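Please look over the following briefing alongside the sequence and the coordinates. It takes up selected helices first and then turns to backbone geometry.

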Amino acid sequence: MVFLWKHFTFESMQDFIDVILPIPLEKLFTYHITKAESDFLKPGMRVAVPFGKKKIYTAIVYDIHQKTPEAYDAKDIHQILDEKPIVTQQQLKLWEWIASYYMCTLGDAMRAALPSAFLLESETNISLNNERQINDDDLTDDEFLVLEALEHQSTLKVEDLSGFLSQKKLLSVIKQLLEKQIISLHEELYAKYKPKLLRYVKLNDQYATEPALEDLLDNILKRAAKQQKIILSYFTLSSQSKKPIKVSELLEKSQGTSAQIRALITKGILEEYYLQTDRIAPKSSEKSASKVLNEYQTKALDEISKHNENHNVTLLKGVTSSGKTEIYVKLIEDILKSGKQVLYLVPEIALTSQLVQRLEVYFGDNISVYHSRYSLNERVEVWNHVLEGTSRSKIVLGARSSIFLPFKNLGLIIVDEEHETSYKQFDPAPRYHARDTAIVLANHFNAKTLLGSATPSVESYHNAVQLEKYGMVELTRRFNNVLMPEIELVDLKDKHKRKRMKGHFSDRLIEEMTEALDQKSQIILFQNRRGFSPIVECQTCGYSPQCPNCDVSLTFHQYKEQLRCHYCGYHMAMQVACNACGSPTLDSKGFGTEQVEEEVKALFPDTKVARMDLDTTRGKYSYEKIITSFVQGEIEVLVGTQMLTKGLDFRNVKLVGIMNADNLLNFPDFRAHERSYHLLQQVAGRAGRTDERGKVLIQTYNPYHEILKQVASNDYESMFKDQMEDRYQYKYPPVYRLIKITLKHKDYNKVNTGADWFARSLKQIFQGHVLGPEFPPIARIRNQYNKNILIKIPEKQSLRKTKEAILKIKNSFLSIKEFRPIRVILNVDNY
C-alpha cells in the first residue's frame, strides 16, 4: 500500500505543459517537463517539441500544470527557445476569441499571428551509418551518387541532393538506402531570423599614443600609401563625429578597397567588430506641431471625446478630403501624453507610405510600420519593438495583420476606411475581419476604437445610427470649404450610337482630359480590371483560350505577350492562330488597365502616363515609387484599379474618369451595390482636394441606375435606406448573420454528393435558413471544385449553439470514409 501511495504521489507531482502547435489541431497538446523547466517556463514562451514520427515544431506554451494526459503518454520537449515570453496574455486571449468566433483552431490563429521567422522548423539531414559495411555492387547508380556525396560531406540536407536527383527519384533512393540501413535520418532545428549586423573598425589601442601613431605612419605604413590614406581618413571621420566608424563609411571616405581594410586588420592596426542594427531605420527624430483644426474639425474632435465617455467605439463619417487624418493626429497626441500605444489600421499597403510621411512630421521616429511586404526579419524587429515597448512602438501603422502584435498598453485603435473589404481575411484560416477583431482587442485593454470613413459600411452605420451601439460623429464639409467634385454620368450607349467614342473614351472624357492637361492638372483613370483584355476570342469559330486549372478564360497581358489566369497564375504565350481551327482571326474583348494606358498614350502622345495595379506593384517599394512620382508631378495621368480608391491624398488631381461603372454593379453578390457606391464615391473623392473644384466623369451603359444617381448626388442616406430595405426583405447582414460553408475537392461528383449530404443535415436543424448547396460563378479554381452552403442566423438565434451544431455536423461528415478527402471551409461573417 505504501509503495502504491508513493507511486501515486510521484505520478501526480510530474510537471506538464499544454502547447499551441502551428497546425490545425482541435485540442492543445501536452508535453512532459522537468521541475527546473517548470520553474523557468511561462505562458507565451516558445518551445521546440516533437510531433508525429520525426517532425519537430515550434510551439507556444499555453499553460503549465500537473495533470497527466489520459489519452496518450506525454513526450518530453526538445528544447526551450526563449528566455522570456514573446506572446503576451492579451494576445493569447485574442487568439482564443478568434478561434472561437471564426470557427478555426488556436494553431491557425498562431500561424497567422507570429512572423514565420519565429516558427523555427526542422530540416531532415542525412548521414552515413558508419557501423554498416557497404558493398558497392549492391548499390544502384543513384544510390552510389548519394553515397559518394556523403563521403565528401558528413551530413547533407535532403534538398542538397535535389541538385543531381529529381524529386521523384530522390525520395525512392532515400527509402531504399534506409531499408538497407546504409544511411540514417535526423531532424535539425534552424532559425529563420538573422539579426542585421553592421561591420565597424577601430584603431588598435597600441597606436593610441602620439609616438606610436607617428611610428605607424612614418615607418610601418611607409610603403603602403593607400593603407596610410585609410588611417588618415579614419582620423578625419573620428574628429567629425564621436560615433563608431562603419567600414562602408571608411571605404567611401578613403576610396580604398575591402582588401586594403582586411590587410590593416591582419596587421593588427585596425580591429573589426559588429553591432546589431534595425533593418528599418527611422528617417527623422524631429517633430513639428500638428496643424490647427478648423471649426468643423474641432467640433468633431469634441464630439468624439464626449462619445468616448459612454461608448467604446465611435464612427467618424467624414466626406472625402474633410481632414479626418488631422483629427486622428490630435487624438494620437492625447493618447501618447497618457503613455499609451496607438494602433492605426489601414486597408492597403499603398496607403502606409503616404501616411508614414505625414505622421513622421508630427511624431518623428515614434512610428513603426507593419505589413506583409516587409521581409521576415523586418517583421521580427517590429514585433520586438512592440513587445519591449520601445519609443519606436508608440504608434504602429499597419495593414490587418498588425492587430496580432504584442501590445502592452494600447490606448486607441483607429480603423481608417473601415468599409474596405481588404480588412477581411479569406484564405487561409483564420478568416477574421480586422475591424471587428480590432474592437475586441481594444476591449481587452479598455481602449477606445475609432472607425473612420467617407462611406461607412452598412453594418457600422446601422450599429451607430439605428442600434446606437457606437457613437456617431459627422464631418460634412471638405477642408478649406472646397466644394465636393461635380459628378457627370456619361451614357456610353448614346455615345456609341452617335459614333462619339475613340476606343473606350467618350468625347466628353477626351474633352475634359484635354482641358485638365492644358491647365497642368493631373488625371486619374479608374478601371477595376488589370491586364489588356479579359477575353481573347476567335472570330471564325468562337473558341476562347481557357485556363486548364480553373473555369475562367485567360486574360491577355500585352506587356508580356502572355495569356494569364488571375486565379492560379497559369500562363502561356499569346497565340498567333486559333488553337481550335487554326484561323489567325483572334480578337480581344473587354478591356483592362493595360489597354486604357495604351489608349491614353495614343490619344495624348506627349503625356506622361503610368499604371498602378497588381502587375506594377509587386516589388517592395513599388507602391511608394509610383505614388511619389505622381505627387511630385512626374506623372500626369495615372491609370489604376481599386488601389487608387483607398484614401490616397493627391493635391493636384482635377479630373477622375471611371472607364466603366457597369462591371461593378452587375456582380452576383448581395453587397454589389453597396460596394459599387463605396468604390465610386471613394475614387471620385480623389478629385479637387485643394482650392479648385474637381470633376468626375462616370462612363456607363445605364446612367439611370439608382446607385449611380446616388453617387452623382453624394446621397449616402438614400443608399443606406435602400440597402437596409433589401437586407430586411432578403434576410442578409446586418439583419441576419451569415456563415458560409465551402466544400472543395478535385472530383466534381464527390463535391456534389458531399454538399448534398451536408446541406440535408443542416436543413434538418435550421430549416429554411439554409441556402444551397450551389456552385459559385467560378466553380473550379486550381483544379478544385467549390460548392457553397449559406446559413442565415436570425438575431434571436444563439450564435454559440448554431456554431456547435455546424461543428457537430462537420465532424459527422468527416467521419464518413467517402467524404474524408473533401475539404470543409467555414467562413463566419462572410462579408
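In which helix is Q227 found? In this predicted model, Q227 is found in helix α9, which covers residues 225-240. The points below begin with that residue and its helix, and then move to another helix and to the backbone.

- Q227 has a relative accessibility of 11%, and because the cut-off for a buried residue is under 20%, Q227 counts as buried.
- When neighbours within four places in sequence are left aside, the residues in contact with Q227 are L221, Q260, A263, L264 and K267.

**Packing of α9 against α10**
- Helix α9 packs with helix α10 (residues 247-254) at an angle of about 115°, and the two axes are 9 Å apart; the angle therefore makes α9 roughly perpendicular to α10.
- The crossing of these two helices, α9 and α10, is right-handed.
- From α9, the residues K229, I230, S233, Y234, T236, L237 and Q240 take part in the contact, where they meet E249, L250, K253 and S254 of α10; sorted by class, the contact of α9 with α10 comprises four nonpolar, four polar and three charged residues.

**Helix α13**
- Helix α13 runs over residues 324-337, and its 14 residues should span 20 Å at 1.5 Å a residue, which agrees with the 20 Å that separates its end C-alpha atoms.
- This helix, α13, is mostly covered, since twelve of its 14 residues are buried; among them are K324, E326, K330 and E333, together with I327, V329, L331 and I332.
- After α13 comes G339, which has a positive phi, near 80°.

**Backbone geometry**
- Most residues other than glycine have a negative phi, and most peptide bonds are trans.
- Between A429 and P430 the peptide bond is cis, with omega near 0°, and P430 lies in the loop that connects β16 (410-416) and α16 (434-444).
- The peptide bond from G772 to P773 is also cis, with omega near 10°, but P773 is found in a strand, β33, made up of residues 770-774.
- E468, although not a glycine, has a positive phi of about 55°; E468 lies in the loop between α17 (458-466) and β18 (471-475), and its relative accessibility of 58% means that E468 counts as exposed.
- K499 is likewise not a glycine and has a positive phi of about 55°; K499 lies in the loop between α18 (492-497) and β20 (501-502), and K499 is exposed, with a relative accessible area of 74%.

Notes: Residues are numbered from 1 along each chain as its sequence is written. This is a predicted model: local features need pLDDT of at least 70, side-chain atom pairs count only at pLDDT 80 or more; totals for chains, interfaces and linings use all residues. Side-chain values use heavy atoms; hydrogens and water are left out. Helices (H or I, at least four residues) and strands (E, at least two) are DSSP runs, numbered from the N terminus. The expected span of a helix is 1.5 Å times one less than its number of residues. Buried means under 20% relative accessible area, exposed over 50%, partly exposed in between (1.4 Å probe, protein chains only). Contact means heavy atoms within 4.5 Å. Axes are lines fitted to C-alpha atoms, for helices over the stretch in contact, and angles run from 0 to 180 degrees between N-to-C directions. Angles under 35 degrees count as roughly parallel, over 145 as roughly antiparallel, 65 to 115 as roughly perpendicular and the rest as oblique. A crossing is left-handed if the near helix is turned anticlockwise from the far one by less than a right angle, and right-handed if clockwise. Ala, Val, Leu, Ile, Met, Phe, Trp, Tyr, Cys and Pro count as nonpolar, Asp, Glu, Lys and Arg as charged, and the others, Gly among them, as polar.
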